[in-house]
Amino acid sequence: MSAISGGAAPVPVGTRVGSKKRYAAARQSRDRFVRFWRRLTQSRKTFAGLVILLIFLLIALFGPWIDSQSPSAMSGAVLQGPSTAHWLGTTQTGQDVAAQLLDGTRFTLLVSFGAAAVATVIALIIGIGGGYLGGIGGEVLSMLSNCFLVIPALPLVIVLAGYLPNKGGISLILVLALTGWAWGARILRAQTLSLRRRDFVLAARVAGERSWRILFSEILPHVMPIAASGFVFTVIFAIVTQSSLAFLGLGDVTTWSWGTMLYWAQNNSALGLGAWWWFVPPGLCIGLVGMALALINFGIDDFVNPRLRVTDLRRRGRRAARLSVAEVLAPHASDSAVVEAVGK
Amino acid sequence: MVYLLRRTVFYVLTAIIALSINFFIPRLMPGNPIDSLLARFSGRVTPRTLASLNALFGLQHHEGLWGQYFAYWRALLHGNLGISFTYFPTAVSHVIGASLPWTLVLVGLCTVLSFIVGTAVGCIVGWKPGSFLDNLLPLTTFFSSIPYFWLGLIALFVFSGLLHWLPVSGAYDSSVSIGWTWSFIASALDHAILPAATLVISTISFWLLRMRNMMVTTLGEDYILLAEAKGLSRMRIMAMYGARNAILPNIASFAMALGFVVTGSILLEVVFSYPGIGFVLYQAVSNEDYPLMQGIFLVVTLVVLLANFLADFCYILLDPRARDEA
């Protein structure tokens, strides 16, 4: 969540701009942020998503304190269903499932958010850089991201992870980032291409601003919601891919994560033993976090996708509709799953 | 035509990049595991196989990188992917050839089915945004967020474990032999129901949400208003004016969807012990069978590229703007 709010935060304005103008620019970007946040929390769906995600983030932070049992400690209570002693039952070796779930939340979320952060930085560099520079360099970068988009990620991740001698968190983050940046880069590039032809960018160019300054203070703030959406999307990708890898036994099976739990459940044939309390909770958690993130993305889309809003306005008469009708219609008309329409 | 040519060039280039990645991965990773693998099998590998493995995995340290690169391409162009250590001494290409049809039929049919149903439902939901159906959307996002393999586990637990309605594993009953006989087809269908249903349920919301969104956008266009003004029937407006335009981005996004479907089906096959390419990949991974792993990555990538190319071709047939771009 912090990443999203950080996404639309004011961008420092350089020294060459006068203080009055700087003040106006800062206020403008703060207004943008307030608008962004208000729209995000306005929709019931998005709000629900934020709440669910917050709960999981709190579990990731304080999980081990909620349930003091050690996730790896074995006991005589083997394969027991949920009870007051063991909230989610026990495994075949008498380990506490709830403790594993709480402990695994931290690693799962840490790796997913870490991978998404690295992937978003790569996407920003390649997407914005490629989109703004244009020319042969831009084409090559675009080609590269399209390539990585088409190459199926999981087989590549599996081959990469299969060769890795060290399967800890950092290498996992890097592998996931390497395979997950392309989608973000593509939508960012599309947005940058349309931005660089807008008047305010042209004006900045004519005024003789340096390229990196235009990139950082004119273009970057405008692509931030899209970058945020790409970030959220990549977190979903990272959670699912990470769990898939762990499930195949390609992760570090001694570190507790939701995927590792599923790996041990599958390897000890929890399914055949009817121990549903062993394999249902981790998958449910993955699904819940994924759903929460998707709901948040609805809200971001709602803010980003101008096409939906513009068509609403055109239909109901442009001037009168500006605020009231758009606000009323927004919850119905403009939540969407994919930001891509912006770029098309 | 120019569009098609450009796409062809793109896919050829992507294939070259993918194959080059495949070439560099074992060479860039610290400590080449192929060396140890070969040491384990030393004496049982013929000199000719050894030479091809050398070319594919870069054990010829005396040769330069370029020399290795060309030797790698030469081996690939001869259809030589090395030998599998899991199914020693069967050739990798043979192992893949035996398992690929299962995956192609299962994943191919499910993707088409999911696309058709998802798009149709999305079209209806998008026609009346804010209706009862529209409120079910968060539920579909839940289904799209959970990993396919976990949904498969649950399906297996309920329908095979508790209810004993459907078989637990495999693609057909071991008592029937493969062929165009009724008993084989019935058995294959019986075994395919669970994996297919899981795949369709997990993928459908992707198409549904996109179609709904595009439908909402399209309905705001002036030509819809004109069609309404002309007094055309609602069905005609929805199908011929709305859906016809809204469906294009769905086809254009085939690339991304297919990557996810392939990814998901690999794990589904592991869950259902379905003898497709994902299951073989799992075995290759568990046995550290690097030639088989890389061979599968290569073939899966090429198949995905081919499917994307076909989707692009459909796009040209459907969208006159893409045709006229030349």
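Is the crossing of helix 9 of chain A and helix 10 of chain A left-handed or right-handed? It is right-handed (a crossing is right-handed if the near helix is turned clockwise from the far one by less than a right angle, left-handed if anticlockwise). The model is a predicted one, where local features need pLDDT of at least 70 and side-chain atom pairs count only at pLDDT 80 or more, while totals for chains, interfaces and linings use all residues. Residues are numbered from 1 along each chain as its sequence is written, with chains lettered from A and ligands numbered from 1 in the order in which they are written.

Chain A is built with 16 helices and 0 strands (DSSP runs numbered from the N terminus, H or I of at least four residues for helices, E of at least two for strands). Of its 344 residues, 49% are buried, that is, they have 20 or more other C-beta atoms, placed from the backbone, within 10 Å of their own.

Back to helix 9 of chain A, residues 199-206: 0 of its 8 residues are buried, so it lies largely in the open. Its axis comes within 10 Å of that of helix 10 of chain A, and the two cross at roughly 155° (axes are lines fitted to C-alpha atoms, for helices over the stretch in contact, and angles run from 0 to 180 degrees between N-to-C directions). That makes the pair roughly antiparallel, the word for angles over 145 degrees. A:Phe200, A:Val201, A:Ala204 and A:Arg205 of helix 9 meet A:Ile214, A:Glu218 and A:Ile219 of helix 10; contact here puts C-beta atoms, placed from the backbone, within 7 Å. By class, this contact has 5 nonpolar, no polar and 2 charged residues (Ala, Val, Leu, Ile, Met, Phe, Trp, Tyr, Cys and Pro count as nonpolar, Asp, Glu, Lys and Arg as charged, the others as polar). After helix 9 comes A:Gly208, with a positive phi near 85°.

Now for a pair that links the two chains.

Terms used
A residue is buried if 20 or more other C-beta atoms lie within 10 Å of its own, exposed if 12 or fewer, and partly exposed in between; C-beta atoms are placed from the backbone. Angles under 35 degrees count as roughly parallel, over 145 as roughly antiparallel, 65 to 115 as roughly perpendicular and the rest as oblique. Two residues are in contact if their C-beta atoms, placed from the backbone, lie within 7 Å.
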